[in-house]
Amino acid sequence: MGADRSYAYGAAAGLLGDLLLGDPRRGHPVALFGRAAGTVERGLWRDHRGWGALHTAVCAGGAVALGTAAERAVRRSPAARAALTAAATWAVVGGTSLAREARTIGRALEAGDFEAARARLPHLCGRDPQSLDADGIARAVVESVAENTSDAVVGALVWGAVGGVPGLLGFRAVNTLDAMVGHRSPRYRRYGWASARLDDVAGWPGARLTAVLAALAGPDPRGALRAWKADAARHPSPNAGPVEASFAGALGVRLGGTLSYGGRVEHRPVLNGDAGRAVRVTDIDRAVRLSRRVGLLALGVTVAARRLVKGRGK
């Protein structure tokens with residue numbers, strides 16, 4: 001069994017493991033990495049871009065080095081390579097937890113329990129929930145499902161296809177560092193700059209593939225492509241823009257607008273504003289189903305692309 005076939009079997013098994021098992025409540029590898037990165041930060045933090053870049057290099061480089069060492073250790077056993085890829089894929093992909101959190105909030109909204117929905121929203125995104133009504137919470141959930149389909153599923157599969165286990169671990173490390181230090185707070189404006197920029201670069205291919213697959217898998221492909229073309233570039237994030245615009249057009253809803261993070265109000269452009277309607281609570285489940293389809297298609301596309309490239313290289 002060749003390396004490309006071992007990867008294909010392992011990636012499929014890892015994604016299936018995520019679908020069946022989700023994330024463990026304790027001891028998740030990403031949480032362990034986060035604690036290690038926090039320890040490194042406590043030793044390195046200075047209000048300086050250079051020290052932040054060193055933090056990014058140590059943490060992301062360490063994850064890639066760990067993946068490289070693990071792959072070398074099992075290189076002579078196809079079954080072990082597949083098992084390692086499965087374990088790494090399961091560890092870095094978070095589609096089931098994303099769907100679970102979104103649907104938990106959706107059920108609370110359907111039951112009229114707005115306080116429970118507000119209390120749960122921070123588990124999914126960084127919005128200020130107290131300022132949101134039911135429709136605002138639903139919109140925040142749909143936007144988070146769209147963005148995290150790229151960050152938590154498709155992007156990881158793309159880099160896994162490119163770099164194997166080191167690619168899987170490296171992408172998740174970069175994405176986690178961005179969530180930890182990549183925001184524009186006074187503490188991290190300079191220190192987190194390198195993590196934020198590296199996350200933009202690492203997320204670029206996965207975001208475009210997510211947008212394409214959302215258009216193909218959604219109920220309105222033309223609407224998705226139209227919204228992507230018209231509105232994606234207006235979004236402040238180079239990667240969230242295409243993804244959220246494509247999801248908005250595919251689902252026939254409006255995303256974006258005014259939102260609040262940590263007490264800071266942002267007025268973002270409305271995506272699919274001309275053709276879409278306001279988000280409803282029922283759109284949460286529609287977004288989750290679309291996210292599932294996109295993740296499965298991404299597995300097929302990335303595995304096929306890896307096999308094609310490896311085949312040509314022989």
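# Exercises on a predicted model

The exposed residues R35, R42 and G43 sit on the face of α2 that points away from its buried side. Here, buried means under 20% relative accessible area, exposed over 50%, and partly exposed in between (1.4 Å probe, protein chains only). Helices (H or I, at least four residues) and strands (E, at least two) are DSSP runs, numbered from the N terminus.

Before you start: this is a predicted model, in which local features need pLDDT of at least 70, side-chain atom pairs count only at pLDDT 80 or more, and totals for chains, interfaces and linings use all residues. Residues are numbered from 1 along each chain as its sequence is written, and side-chain values use heavy atoms, with hydrogens and water left out.

**Exercise 1.** Find which residues of α2 are buried, and where they lie around the axis.

*Solution.* 
- Step 1: The buried residues in α2 are F33, G34, A37, G38, E41 and L44.
- Step 2: Because they cover an arc of only 145° around the axis, they are on the same side of α2. The arc is taken from the directions from the helix axis to the C-beta atoms.
- Step 3: Their packing partners are α3 (49–73) and α7.

**Exercise 2.** Is H55 buried or exposed, and what does H55 contact?

*Solution.* 
- Step 1: Look for H55 in helix α3.
- Step 2: H55 has a relative accessible area of 1%, so H55 is buried.
- Step 3: Leaving aside neighbours within four places in sequence, H55 is in contact (heavy atoms within 4.5 Å) with A37, V40, E41, L44, L177, V181 and Y191.
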